[in-house]
Structure formats: C-alpha cells, structure tokens
Amino acid sequence: MKKLIAGNWKMNGNAAEAAALIEAVEGRIAKDMDILDKCDFVVCPPFVHLGLVKPKLENVSMGGQNCSQRGNGAFTGDISAAMLKDIGARYVILGHSERRQYHKEKDETIALKAQAANAEGLITIICVGETEEEREAGKQNEIVAAQLEKSLPDGVSEENTVIAYEPVWAIGTGKTATPDDIRAMHEFIRGNLMAKYDDGEKIRILYGGSVKPSNAGEIFAVPHVNGALIGGASLKADDFMGIAAAA
Ligand code: PGA
C-alpha cells in the first residue's frame with residue numbers, strides 16, 4: 001500500500017505563504033518523481049486558500065479541514081462538502097481532536113459530516129485518538145473503539161475513507177507515541193476495521209502527532225502505519241518532504 005502523506009496546515013499562513021508552500025512542495029516532488037511510487041500526497045489548507053492552491057497542484061491532492069453535515073443553505077460560516085468538491089478538493093479531514101475539543105464536535109455529527117462528504121465523492125480522513133488522561137487510565141482502546149463505532153458512516157470502504165490515529169497528547173506537543181504504542185493501536189484499529197468491513201484490511205490508517213523527519217522512519221516501519229497526518233511539520237516544505245522521504 002502506498003503511504004499517504006497528508007499535511008494539515010490548520011489555521012496558519014497568509015495567501016502568499018500558502019502559495020509559496022504548495023509551490024515548494026510541488027517543486028520538490030518534480031525533482032524526485034520516483035517518490036510518487038511510494039507516496040500519495042495531500043495538503044489541507046485553510047478554506048480561504050483552497051482556491052489559490054488548486055491551480056498550483058500537479059502531483060498533490062487537496063483537502064478541506066472540515067465540512068458541514070448539511071447541504072448548501074442558510075448556515076452562516078459553514079462550508080458544505082459540495083463546495084469543497086467544487087473548488088477541487090479530493091479529501092476532507094473530519095473529527096480532528098481540535099474540532100472535537102474547541103467546537104464540541106460529537107462522533108454522531110462527524111458521522112453525518114462523513115456521510116455528506118462521501119455523498120459528494122470526497123475521501124474522508126476521520127481522526128480518532130485518546131487524551132492523556134484516558135491513556136493514563138488505560139482506556140485508549142475503549143475510547144478509540146467507541147469513536148470508530150460512532151463516527152464512521154454507513155458505506156465505509158478503502159475508496160472513501162482513511163482513518164487517522166492521533167493521540168491527543170501527541171498533537172503539537174513534541175511528544176510522540178512510542179513505536180510500541182503506535183503498533184498496539186494500529187493493530188487494534190486494523191482488527192476493528194477488518195471485523196467490520198470486507199475491505200477493512202485495505203483502509204489506510206495514518207498516524208498523527210508530532211511527526212517530523214527525524215521520527216518518521218521509525219513510525220513508518222510500524223505495521224499498519226499507512227501514512228501520516230502532519231500538522232506543524234507540513235508548514236515547511238523541507239520537513240514535509242523529509243517525512244515523505246522516510247517512507
Ligand atoms: P502536529 O499535528 O503534527 O503538529 O502534532 C498533527 C495534527 O494535528 O494533525
């Protein structure tokens with residue numbers, strides 16, 4: 001399975017920086033096209049930068065960082081899956097822990113968003129992961145199992161869904177889960193997907209949380225790590241491509 005190298009730009013940068021970043025990433029890939037045999041690439045800029053990133057894409061796909069569960073209509077401030085599709089997005093990140101935390105997004109809402117996204121033909125990157133407290137209490141499997149159970153919509157397949165395991169305590173903190181922690185959780189998620197879906201063995205499972213060029217090699221060596229969801233390090237083309245090189 002090719003690794004999916006996904007950049008989550010979060011709420012960062014201005015238009016000029018977004019343009020420079022995608023140009024740098026595309027430029028690096030153009031110089032080493034063999035990397036496309038090993039990796040697929042997606043970047044998820046802030047909504048307002050999607051339109052300027054799109055015409056610069058050559059070998060990289062684009063995704064949104066969220067979408068509404070509703071169709072177009074009177075929902076001030078929201079962005080529909082149809083709008084993402086229309087502007088050229090192929091993916092959408094859903095249920096990121098920052099949205100669960102700051103916007104109180106519930107699993108059930110995430111499932112509705114995923115359904116809306118899949119209906120538009122978007123591939124969802126659905127994020128799951130436990131907090132530090134939950135891990136200390138040994139509840140990580142229980143938490144992740146419940147998130148998978150409730151935040152995945154009907155009709156999940158390898159074609160329309162990617163799972164991202166992101167332990168909340170490892171996001172933006174510089175703390176990474178150990179390869180053993182990652183192995184245990186990715187095996188657990190794989191087992192869960194295989195029990196539920198015919199093609200559960202082929203659904204990509206990304207790891208996310210302080211992935212950088214220096215730790216990417218050992219993370220990608222873990223079985224059932226099919227790529228990475230990268231925040232901070234996706235904002236520098238060198239780091240983003242350094243992570244891909246480790247794959
Ligand atoms: P990080 O973020 O790489 O900055 O830890 C990952 C994410 O939130 O997707």
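Which atom of Gly172 lies 2.6 Å from an oxygen atom of the ligand? In this predicted model, a backbone N or O atom of Gly172 sits at that distance. The protein covers 95% of the 280 Å² of accessible area that the ligand has on its own.

Now let's turn to charge pairs. The model has 13 salt bridges. One of them joins Glu105 and Lys113, with N and O 2.8 Å apart. Glu105 is buried at 8% relative accessible area, and Lys113 is buried at 6%.

Helix H6 (residues 132-136) takes part in two further pairs. Glu132 bridges to Lys175 at 3.1 Å, linking helix H6 to the loop between strand E6 (161-165) and H8, 43 residues apart. Arg135 meets Asp181 at 3.6 Å; because Arg135 lies in helix H6 and Asp181 in helix H8, this pair ties together parts 46 residues apart in sequence. Arg135 counts as buried at 19%, whereas Asp181 is partly exposed at 24%. Elsewhere, shared partners join Lys2, Asp40 and Arg204 into one salt-bridge network.

Finally, look at Asp199, in the loop between helix H8 (179-196) and strand E7 (204-208). Asp199 is buried yet has no salt bridge, the nearest oppositely charged side chain being Lys202, 6.3 Å away. A polar side-chain atom of Asp199 does lie 2.9 Å from the backbone nitrogen of Glu158.

Notes
Residues numbered from 1 in each chain as written. Predicted model: local features only at pLDDT ≥ 70, side-chain atom pairs only at ≥ 80, totals over all residues. Heavy atoms only, no water. Polar contact = N/O pair within 3.5 Å; in protein donor to acceptor, adjacent residues only side chain to side chain. Areas by Shrake-Rupley, 256 points an atom, 1.4 Å probe, with all protein chains shown as cover. Helix = DSSP H or I, 4+ residues; strand = E, 2+ residues; numbered from the N terminus. Buried < 20%, exposed > 50% of the residue type's maximum accessible area, 1.4 Å probe, protein only. Lys, Arg positive; Asp, Glu negative; His and termini not counted. Salt bridge = Lys/Arg side-chain N within 4 Å of Asp/Glu carboxyl O.
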